[in-house]
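Student: I would like to check the labels on this model against their cut-offs. Please go through them with me.

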Amino acid sequence: MRDDTIAALATPPGVGAIGIVRLSGRDAIRIASRLFRARSGKRVEEFQSFRMYLGEIVDPKTGEPFDEALCVVMRAPKSYTCEDVVEFHLHGGPLVLRKALEACLGEGARLARPGEFTERAFLNGRIDLTQAEAVATLVRARSEKVLELSLRHLKGAFGEKVREWERRLLLLGAYIEASCDFLDASVENEEEYVRKEIAALLVEIRTELDRSRRLQPLEEGMLVVIAGKPNVGKSSLLNLLVGKDRAIVTPFPGTTRDAIEEFVLLEGFPFRFVDTAGIRESENPVERIGVERARNYLERADWIVVVFDRSRPLEEEDVRLAELVRSRPHLVVLNKSDLPPALTREEVEELYPGEPILEISALTGEGREELLAALLKRAQETVGPEEDLVLLTVRQREELEGILRVLEEAWEAQESGVPLDVLGVLVEEALAGMQRLTGERMNEKLLETIFSHFCIGK
């Protein structure tokens, strides 16, 4: 049933200053009236919507209070779920919250499934599916940048684009159908109209997907892998960048055997810095595993910080690493600028002609700000201009890629002179994809999959 009454904790488990128990459904106000006594003497049924009332929450079996609480009623349809919603704001102890939730369930509410409050908001027409998915992204946001983009998505920025594409596909389909039904009628420039509209949609959807791909590193953080031969100061550099002793540093080569990863925010951009084992040939089976993991990280890296030791001459391992990462996005760093030089800047420039080389000392911190600024600049360039950007979910990207493939097929078909009725089938298929994006066309199983990724109480 979609209109039964559900209840759940709306705040995380554990001890906190405040904990919230939320009810939604046709019996929410009736159940709340059994559990809450307002100091004003008003009954819950008499509460003004969206106004807090102070009182006590009681055990309905004994009538004994077990906490002071605030109660707020949000009447349908002007609530998050478009149903009657009641929230109890209690002291945030696990026992108090459990007793309040059990009391709600004892009075007839059902424990909500993950994401069921948001699912009801979608099913009752308050938000479309793209906005519902934005709620989950916003809740999981680990950086200000993702938060900002998710909020833009929640306000309907992407949904508006999809509805506009949907409107144009609907019009295109109607035009093709009319042309097929009235073959004798002269429709001026019909082929040119179809051609132009499909071409325009292809450009706009490709642009949206390109923007979305640029934003992907923001979701989990831009993966920055620190690479170099053993003992060039990679672990010291990681510690310097993250501002704490995260990796063990010794003068002995090969100390780092496993990758060490740390999450850092720089001006709202999320970064994942990874210290890796020095890449070299080794007979030690444990070190070989570490080197293999380092290579795997290099393949997945968004950026590679290639580290050279200025106090040691250039070696074959340095040259092999340069060849390995030259075609990947990278920054070149000359470490140990505090020691007497044995490696010149010119020698490194021969490996990376025309590229900037940053000189730093992971020991003293000299050059740290310049390196962070360079990484931040690269991140900003990767994301590009932020106007109109929204962060798409994996499902939305895959659906949009599917629509793009159908429209590319339609483009090739019309270029080959395929009859309009065949084009109409492809346009209808693209239209169905747009409707799946907003949730206008959706099946129960897919909905369950989408909302199962939400937390309980949201």
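Predicted model: local features only at pLDDT ≥ 70, side-chain atom pairs only at ≥ 80, totals over all residues.

Tutor: Residues are numbered from 1 along each chain as its sequence is written, and side-chain values use heavy atoms, with hydrogens and water left out.

Student: Why is Cys71 called buried?

Tutor: Buried means under 20% relative accessible area, exposed over 50%, and partly exposed in between, with a 1.4 Å probe and protein chains only. Cys71 has 0%, so Cys71 is buried.

Student: Why is Arg39 called exposed?

Tutor: Its relative accessible area is 56%, so the label is exposed. Arg39 sits in the loop between β3 (36-38) and β4 (52-58). Helices (H or I, at least four residues) and strands (E, at least two) are DSSP runs, numbered from the N terminus.

Student: What does Arg39 contact, leaving aside its neighbours within four places in sequence?

Tutor: Contact means heavy atoms within 4.5 Å. By that rule Arg39 is in contact with Leu54, Gly55 and Glu68. Arg39 and Leu54 are 15 residues apart along the chain, and their C-alpha atoms are separated by 6.1 Å.

Student: Is Glu399 buried or exposed?

Tutor: Glu399 has a relative accessible area of 15%, so it counts as buried. Glu399 belongs to helix α13 (residues 394-415). Not counting residues up to four places away in sequence, Glu399 touches Gly433, Arg436 and Leu437.

Student: What makes Ala134 buried?

Tutor: Ala134 has 1% relative accessibility, therefore it is buried. Its place is in helix α4. Ala134 touches Ser150, His153 and Leu154, with residues up to four places away in sequence not counted. Val242 is 108 residues from Ala134 in sequence and 30 Å away in space, C-alpha to C-alpha.

Student: How do you know that helix α3 is mostly covered?

Tutor: Seven of the eight residues of α3 (residues 116-123) are buried. They are Glu116, Phe117, Thr118, Glu119, Arg120, Ala121 and Phe122.

Student: Which elements do the buried residues of α3 pack against?

Tutor: They pack against β1 (6-9), β2 (16-24), β7 (110-111), α4 (129-140), α14 (420-438) and α15 (444-451). After α3 comes Gly125, with a positive phi near 85°.

Student: How do you know how many disulfides there are?

Tutor: A disulfide is a pair of cysteine sulfur atoms within 2.5 Å. By this rule the count is zero. Take Cys71: the nearest cysteine sulfur, that of Cys104, is 9.7 Å away, and Cys71 is in no disulfide.

Student: How does the radius of gyration of the chain stand against the globule rule?

Tutor: The radius of gyration is taken over C-alpha atoms, and the globule rule is 2.2 Å times the number of residues to the power 0.38. A compact globule of 458 residues would come near 23 Å, but the chain has 30 Å. The C-alpha atoms fill a box of roughly 80 × 80 × 40 Å along the principal axes.

Student: What are the totals for helices and strands?

Tutor: The chain has 15 helices and 13 strands. Of its 458 residues, 48% count as buried. Among contacts with a separation of 6 or more, 68% come from residues 24 or more positions apart.
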